[in-house]
Amino acid sequence: MESTQLVILAGLAIGLVYGAVGLLSGFCLMSSMRGFLAEGDVRLVRTYALAIAVAIAASQFLASSGTVDLGKSIYLQQSFSPAVLFLGGLLFGYGMVLSNGCGSRALVLLGRGNLRSFVVVIVLAIAAQMTLKGLIAPARIALVQATQVTAPANSLPSLLATLGFTESLSRALAAAATTVALSLFAFAHPAFRRSPGQVVAGIIVGLLVAGGWLATGYLGADDFNPVPVTSLTFVAPIADSLQYAMLSTGLTLNFGIATVAGVFAGSLVTALATGRFKLEGYSSPRHMLRSGTGAALMGIGGVMAFGCSIGQGLTGVSTLALGSFVAVAGILLGTAAGLRGFLRVQPLAVA
C-alpha cells in the first residue's frame, strides 16, 4: 500500500475515534470556556488542558526521537505575523460563541442529527475557502506581508536554546514544564478526578494529535511523494472537503478530508448505537442568522490564525510554536468576550 493511502486510512481512523469521543464526552473548547466562565462546571476545561498536556508530551517525544520532523509543519515557520494570528484567533473565538461551537464540534453534532451544524459547516467552509484562495485572500496576504516578523526563536525550545541550552535539553525542559503545569491544573480539581470519562477523553484526544503527526510525518515520509506534515485541524480541511465533494475529479483525497469524513461518521455511528440521534433545527430566523455569522467568522478567523481551537489549540501548541500561543491567546480572548462583558452574546429568547 502506498504511503498516501496509509495516511488517508490513518486520517479516517483518527477521525472516527475523535467523532465518537467528542460525542460521548462533549469535548469542545467553547463548552469548556462556558462552563469555566459562566456555569461553574470546570470539568470540560480540565479535559481540554489534559488533552493539550498529552499532545505536547507525545508529540515532543516523537520529535526528540527523530520519528517526526515537526519543523516541516506550518506552525514552526521562522517568519510569521503575530498580529494576524491574534486577530484571526479573536474572530474565531467570538464566532465560536455565536455558532455555539467550533468546526469540529459542528461535525460531531451534525453526526448526531443537528441540522444547525450543517449550516455552520457549509458557511464555515465557504468563508474559509474565500479567505484561503478567494475574494478575501488578497487582503489577508497583504496584511500578513505588512505585519510579519522574522523571529530569532519560533518555539519555546528554540527560545530556551538562545539562553545556551542544547537543543535536546531545551526541548525536554519546555515539554516537561508545559506538560506538568497543564496536568497539575487538570487533576487539581476533585470533580475532574472523579470523572473517569473526562480523563479518558482528554488522554485519547491528546494521543490522536500525536497519531496525526505520526501518520503524516512518518507514514507519509516518502521521498518521491511526501505528504504535508500535519495533524488534527478542521478549518481548511472542512473547506477542502466541501470542494472535494463538488469537484472530486480535479482534487485528491488527503489526511484532512479523510479526518473530516471520519469525525462525521464516528459521531453518526456512535449516536445511532447509543440512541442519541435526534434531528434538530433552528428555533428562529434570528438564530440561523447568528449561527451563520459565527460560522463565517470562524472560517475567516481560522484561516488567518492558521487553525482553530483544535488546529492551534491542540495541534499547534503540541509543537510548542510561539505563533500558536499567540493564536490561542486570541481564541481564548475572543471566546471570553462572547461569554462575558459588554460584547457578550445574549441568549436567544425562547418563543
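A polar contact is a pair of N or O atoms within 3.5 Å. The close-up views below are taken from a predicted model.

View 1. The side chain of Arg290 reaches the backbone oxygen of Gln346 at 2.7 Å. Arg290 belongs to helix H14, and its relative accessibility of 16% places it among the buried residues, because buried means under 20%. When neighbours within four places in sequence are set aside, Arg290 is in contact with Leu98 and also with Val345, Gln346, Pro347 and Leu348.

**View 2. The aromatic pair of Tyr18 and Phe27.** A search of the whole structure finds five aromatic pairs. In the pair of Tyr18 and Phe27, the ring centres lie 6.4 Å apart and the planes meet at 85 degrees, so the arrangement is edge-to-face. Tyr18 is buried, at 2% relative accessibility. Phe27 is likewise buried, with a relative accessible area of 4%. Together with Tyr48 and Phe234, the residues Tyr18 and Phe27 form one aromatic cluster.

**View 3. The aromatic pair of Phe187 and Phe192.** A pair of aromatic rings is described by the distance of the centres and the angle of the planes. For Phe187 and Phe192, the centre-to-centre distance is 5.5 Å and the angle between the planes is 65 degrees, an edge-to-face pair. Phe187 is partly exposed, with 34% relative accessibility, whereas Phe192 is buried at 0%.

**View 4. The charged end of Arg46 over the ring of Phe185**. The charged end of Arg46 sits 4.2 Å from the centre of the Phe185 ring.

**View 5. Phe306, a residue with positive phi in the loop between helices H14 and H15**. Phe306 is not a glycine, yet its phi is about 65 degrees. The loop that holds Phe306 runs between helix H14, residues 285-304, and helix H15, residues 311-318. Phe306 counts as partly exposed, with a relative accessibility of 31%.

**View 6. Leu320, a residue with positive phi in the loop between helices H15 and H16**. Leu320 has a positive phi, near 65 degrees, and is a residue other than glycine. The loop containing Leu320 lies between H15 and helix H16, the latter covering residues 322-339. Leu320 is buried, its relative accessible area being 0%.

Conventions: Residues are numbered from 1 along each chain as its sequence is written. This is a predicted model: local features need pLDDT of at least 70, side-chain atom pairs count only at pLDDT 80 or more; totals for chains, interfaces and linings use all residues. Side-chain values use heavy atoms; hydrogens and water are left out. Helices (H or I, at least four residues) and strands (E, at least two) are DSSP runs, numbered from the N terminus. Buried means under 20% relative accessible area, exposed over 50%, partly exposed in between (1.4 Å probe, protein chains only). Rings of Phe, Tyr and Trp (its six-membered ring) pair if their centres lie within 6.5 Å; planes under 30 degrees apart count as stacked, over 60 as edge-to-face and the rest as tilted. A charge sits over a ring if NZ of Lys or CZ of Arg is within 6 Å of the ring centre and within 35 degrees of the ring normal. A polar contact is a pair of N or O atoms within 3.5 Å; within protein, one must be able to donate a hydrogen and the other to accept it, and residues adjacent in sequence count only if both atoms are side-chain atoms. Contact means heavy atoms within 4.5 Å.
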